Amino acid sequence: MPVRTEIVAGAGGLLFPVPAVSPASMANSFADARGSRSHHAVDIMAPRNSEIIAVDDGVIAKLMVSAKGGLSIYEWNPDRTLVYFYAHLQAYAPGLEEGQTVRRGQVIGYVGTTGNAPPNTPHLHFAIAQVGDKDRWWGGVPVDPFPIWR
Ligand SMILES: [Zn+2]
């Protein structure tokens, strides 16, 4: 699976989604195996209820509750070429809803362990996908966000 960092690296970069954590302290888990598949995301370990901010201006595409991701958010970037995915949230920011415009840096949720995250390992699972269809917030080609924050 190609790593398309150049797609976002030229766009002024992205904020790091958990301000309580320094990206310099993180290991890149993008290429790690998760079962038979690659992870294609980064796991940002942080105290439970740490604030999660929007990495970019955009629109909330979908608020999803699933067995794996738990409470999760899909956010479109402004031109709907990228989707940012935030998972295992403890809670959404109050009033957050689908179709809502969010600003870069706005608090959208809180770190937790919902879904299949280990109960004593609160973290944000964060992923970026490049999508080819402006109505599809799912699927897409994984982009490694890690080099952007370096
Ligand atoms: Zn993960």
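Me: Where does serine 72 lie?
Reply: Serine 72 is in strand S6 of this predicted model.

Me: Buried or exposed?
Reply: Serine 72 is buried, as its relative accessible area is 1%, and buried means under 20%.

Me: What is serine 72 in contact with, leaving aside neighbours within four places in sequence?
Reply: Its contacts are Lys62, Leu63, Met64, Phe85, Tyr86, Ala87 and Tyr92.

Me: Switching to the metal. Which residues are the protein donors of the zinc ion?
Reply: His39 through NE2, Asp43 through OD and His125 through ND1. They lie 2.0 to 2.2 Å from the zinc ion.

Me: How are the donor residues spaced in sequence?
Reply: The pattern is H-x3-D-x81-H. Aspartate 43 belongs to strand S3 (residues 42-45) and histidine 125 to strand S10 (residues 123-130), so this pair ties together parts 82 residues apart in sequence.

Me: And are aspartate 43 and histidine 125 buried or exposed?
Reply: Both aspartate 43 and histidine 125 are buried.

Me: Which elements give two or more residues to the lining?
Reply: Strands S2 (37-38), S5 (58-66), S6 (70-76), S7 (82-92) and S10. S10 gives the most, with five residues.

Me: How many of the lining residues are nonpolar, polar and charged?
Reply: The lining of the largest pocket divides into 14 nonpolar, 12 polar and four charged residues.

How values were computed:
Residues numbered from 1 in each chain as written. Predicted model: local features only at pLDDT ≥ 70, side-chain atom pairs only at ≥ 80, totals over all residues. Heavy atoms only, no water. Donors = N, O, S within 2.8 Å, 3.2 Å for Na, K, Ca; no water. Helix = DSSP H or I, 4+ residues; strand = E, 2+ residues; numbered from the N terminus. Buried < 20%, exposed > 50% of the residue type's maximum accessible area, 1.4 Å probe, protein only. Nonpolar A, V, L, I, M, F, W, Y, C, P; charged D, E, K, R; others polar. Contact = heavy atoms within 4.5 Å.
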